[in-house]
Amino acid sequence: MQRDNVRNQRENVVLAIANAQTRLGVPAEANPKIDEKAITDVFMKALENYMKWCKYLRIRLAWNRLEAINRERKLFLVSLYFLIWGEAANVRFLPECICYLFHNMAKELDAILDHGEATHAPSCIAGSGSVSFLEQIICPIYQRLAD
């Protein structure tokens with residue numbers, strides 16, 4: 001992912017969670033923390049189309065049960081979705097394509113998180129060893145659509 005996209009989407013996720021928390025109210029604690037409901041609300045809203053897509057195609061979601069996902073994984077999945085969307089350029093106007101990319105990359109992310117060691121996803125490594133989501137995933141899709 002491009003560095004500027006990562007910065008932009010980080011800000012996007014932080015503001016979305018802050019807005020959700022504001023709608024819930026300010027915690028009365030001396031050391032307030034983000035409410036789990038705020039994170040779940042952002043998660044559900046951001047991934048609503050993906051969940052509908054899976055239901056329509058009758059395929060399993062990238063996770064088993066919502067209750068089984070901890071807050072960190074929810075944040076990772078929301079961030080991944082927004083990173084894909086931000087990097088997708090004109091492909092973002094194909095929501096089914098974004099859902100397909102997210103579905104497969106969420107599974108890869110899950111495997112990386114379960115393994116406990118951050119490595120580059122095999123789908124984004126070029127023959128030269130460089131890593132570029134835009135170059136390896138988005139550009140070929142766009143070229144195919146342009147043909």
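Let's start with Arg-73, which is partly exposed at 23% relative accessibility. This is a predicted model, by the way. The side chain of Arg-73 meets that of Asp-110 in a salt bridge, at 2.2 Å from N to O.

How many salt bridges does the count come to? Five. Another of them pairs Arg-71 with Glu-36, where the closest N and O atoms are 3.8 Å apart. Arg-71 belongs to helix α4 and Glu-36 to helix α2, so this pair ties together parts 35 residues apart in sequence. Arg-71 has a relative accessible area of 27%, and Glu-36 comes in at 32%. Glu-36 and Arg-71 also join Lys-74 in one network, through salt bridges that share partners.

Glu-48 is partly exposed at 40%, while Lys-52 is exposed at 52%.

Now, over to the nonpolar side. The largest nonpolar core has 34 residues, and those touching the most other members are Leu-47, Tyr-50, Trp-63, Leu-77 and Phe-102. Helices α1 through α6 each supply at least two residues, and α5 gives the most, with eight. So what does Leu-47 contact, leaving aside neighbours within four places in sequence? Trp-63, Leu-77, Tyr-81 and Phe-102.

That's my tour, thanks everyone!

Definitions and conventions
Residues numbered from 1 in each chain as written. Predicted model: local features only at pLDDT ≥ 70, side-chain atom pairs only at ≥ 80, totals over all residues. Heavy atoms only, no water. Core = buried A, V, L, I, M, F, W, Y, C linked by side-chain atoms within 4.5 Å. Buried < 20%, exposed > 50% of the residue type's maximum accessible area, 1.4 Å probe, protein only. Helix = DSSP H or I, 4+ residues; strand = E, 2+ residues; numbered from the N terminus. Contact = heavy atoms within 4.5 Å. Salt bridge = Lys/Arg side-chain N within 4 Å of Asp/Glu carboxyl O.
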